[in-house]
Amino acid sequence: MRSPVRLAVVGMTVLAIALGIGRFMLTPLLPLMQADAGLSLIGGGWLASVNNIGYLLGALLCAALALPQRTTLRLGMLLVTLGTLGMGLAPSLALWLLCRFVAGVAAAMLMVHGIAWCTAHLRTHGRIGLESLLYSGPGIGIVVSGTLVAALHGGGLDSARWWLLSGALCAVVTVLTWRTLAAPGQTPAASHVRHESGPTWPLVAIYGLFGFAYVIPATFLPLIADAQLHLPALREWFWPLYGVATVLATLLLGVLPTVRSNYVGLAGCCFSMLLGTLACLYWPTPTGLALGAVLEGAALMPVVMFTMREAAVLAPRDPTRLIGALTAAFGIGQIIGPLVAATLASHRHGFAAPLELAGLATLAALLLALAFARRHRSRVPAPLT
């Protein structure tokens with residue numbers, strides 16, 4: 001039996017690859033691809049959206065089918081690796097779109113089954129507190145990839161070489177985690193399963209709205225910083241700052257007292273996201289954008305953690321398919337967001353309108369979370385023994 005700490009570290013690494021590279025490697029590389037590969041803003045929006053379409057389809061696949069967990073996790077790692085390497089080898093936008101689509105499908109497979117696989121083990125061991133380590137993975141992936149790109153910008157690496165380097169990193173991580181991912185998922189015994197009741201639509205709606213709201217600054221934050229500050233040398237650092245805030249906020253939640261309701265936690269995340277969006281919109285200075293990046297980054301993975309905790313309460317036997325449905329709702333928001341933001345930014349010659357729309361979506365999610373927070377007391381899944 002592998003230790004729960006080791007399993008949490010492997011789960012963290014899987015999520016880091018899924019989101020840090022499979023989903024968001026485009027964000028720090030987008031300005032570089034515009035400079036050295038001739039990628040347009042609309043083309044960047046399409047790359048982000050086709051990745052989100054793949055993410056949505058991957059999530060729907062996980063929600064509709066009872067996929068073998070070990071095979072799905074291993075296949076997901078391989079596909080992220082191939083899709084990332086392909087970005088460095090492909091010579092055209094059409095092939096880039098295919099590579100980002102494949103990486104999006106794989107990222108959803110890793111998110112859905114990685115969370116279900118790891119949290120089931122942690123609950124079986126009675127180590128729910130290690131969830132914060134698991135959910136810090138995407139932030140760590142963002143920090144590592146974003147910091148490398150920012151620190152070595154202008155060091156002779158073009159965007160193609162950055163994609164190849166990222167793909168090689170994925171390959172190494174795949175080899176290192178291959179055996180641990182063979183550990184079968186834990187299925188709780190029937191006598192220990194708690195049967196909870198309650199609607200799932202509020203959770204799905206909040207998660208989908210948040211997916212739309214956060215993806216706009218998450219995709220275009222370096223370009224927003226460049227447009228508002230006109231400091232190209234500084235813009236690359238806003239994305240790593242976003243990732244650092246994500247990691248610290250997620251780890252901090254692991255040592256703080258449990259909130260009385262997962263919906264209270266979701267409301268707090270939405271409030272942080274709303275304040276961050278308003279800071280980026282109405283305080284266009286280095287300080288304002290840095291504060292916005294911190295507030296938005298601090299909400300990203302905590303909202304995933306509270307959502308998945310509620311999913312484990314609503315579907316205690318096996319939340320995998322509900323996690324898939326939630327990830328699909330998140331994916332729908334992410335598909336619409338970049339295309340709408342890129343189109344509005346091109347027509348309005350700035351990112352004010354996209355940020356305003358993101359703020360309205362966040363406000364709607366916040367109000368819905370507050371409405372249901374009053375109806376639910378503490379709903380954190382109990383350890384399974």
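This is a predicted model: local features need pLDDT of at least 70, side-chain atom pairs count only at pLDDT 80 or more; totals for chains, interfaces and linings use all residues.
Figure 1. Residues are numbered from 1 along each chain as its sequence is written, and side-chain values use heavy atoms, with hydrogens and water left out. Helices, here and below, are DSSP runs of H or I with at least four residues, strands are runs of E with at least two, and both are numbered from the N terminus. Trp-163 has a relative accessible area of 0% and is therefore buried, a class that means under 20% relative accessible area, whereas exposed means over 50% and partly exposed lies in between (1.4 Å probe, protein chains only). Not counting residues up to four places away in sequence, Trp-163 touches Met-25, Leu-26, Leu-29, Met-33, Thr-84, Leu-85, Met-87, Gly-88 and Arg-100, where contact means heavy atoms within 4.5 Å. Leu-26 lies 137 residues from Trp-163 along the chain, and the C-alpha atoms of the two are separated by 9.1 Å.

**Figure 2. Packing of helix α2 against helix α3.** Two packed helices are described by the angle between their axes and the distance between the axes. The axes of α2 (residues 26-36) and α3 cross at roughly 150° and come within 11 Å; axes are lines fitted to C-alpha atoms, for helices over the stretch in contact, and angles run from 0 to 180 degrees between N-to-C directions. The two helices are therefore roughly antiparallel to each other, given that angles over 145 degrees count as roughly antiparallel, under 35 as roughly parallel, 65 to 115 as roughly perpendicular and the rest as oblique. On the α2 side, Leu-26, Leu-30, Met-33 and Gln-34 meet Leu-41, Gly-44, Leu-47 and Ala-48 of α3. This contact of α2 with α3 has 6 nonpolar, 2 polar and no charged residues, where Ala, Val, Leu, Ile, Met, Phe, Trp, Tyr, Cys and Pro count as nonpolar, Asp, Glu, Lys and Arg as charged, and the others, Gly among them, as polar.

**Figure 3. Helix α3 alongside helix α5.** Helix α3 (residues 41-64) packs with helix α5 (residues 93-124) at an angle of about 35°, the axes being 7 Å apart. Here α3 passes α5 in a right-handed crossing, and the residues of the contact divide into 19 nonpolar, 6 polar and 1 charged.

**Figure 4. Helices α13 and α14.** The axes of α13 and helix α14 (residues 320-348) are 9 Å apart, and the two helices pack at an angle of about 140°, which makes α13 oblique to α14. The passage of α13 across α14 is a right-handed crossing. Thr-307, Met-308, Ala-311 and Leu-314 of α13 make the contact with Leu-322, Ile-323, Leu-326 and Thr-327 of α14, and by class these residues are 6 nonpolar, 2 polar and no charged.

**Figure 5. Salt bridges.** With a salt bridge taken as a side-chain nitrogen of Lys or Arg within 4 Å of a carboxyl oxygen of Asp or Glu, the count comes to 2 salt bridges. In one of them, Glu-131 pairs with Arg-309, the closest N and O atoms being 2.9 Å apart. Because Glu-131 lies in helix α6 (residues 131-135) and Arg-309 in helix α13 (residues 286-314), the pair ties together parts that are 178 residues apart in sequence. Glu-131 and Arg-309 are both buried. Arg-161 forms a salt bridge with Asp-158, with the closest N and O atoms 3.2 Å apart; Arg-161 is partly exposed at a relative accessible area of 46%, and Asp-158 likewise counts as partly exposed at 27% relative accessibility.

**Figure 6. Two buried polar residues, Ser-136 and Thr-72.** Ser-136 is placed in the loop between α6 and α7 (137-151) and is buried, with a relative accessible area of 1%. Leaving aside its neighbours within four places in sequence, Ser-136 is in contact with Met-12, Val-247, Thr-250 and Leu-251. Thr-72 is found in helix α4 (residues 69-89) and, with a relative accessible area of 4%, is buried as well. With neighbours within four places in sequence again left aside, Thr-72 is in contact with Leu-67, Met-109 and His-113.

Terms used: A crossing is left-handed if the near helix is turned anticlockwise from the far one by less than a right angle, and right-handed if clockwise.
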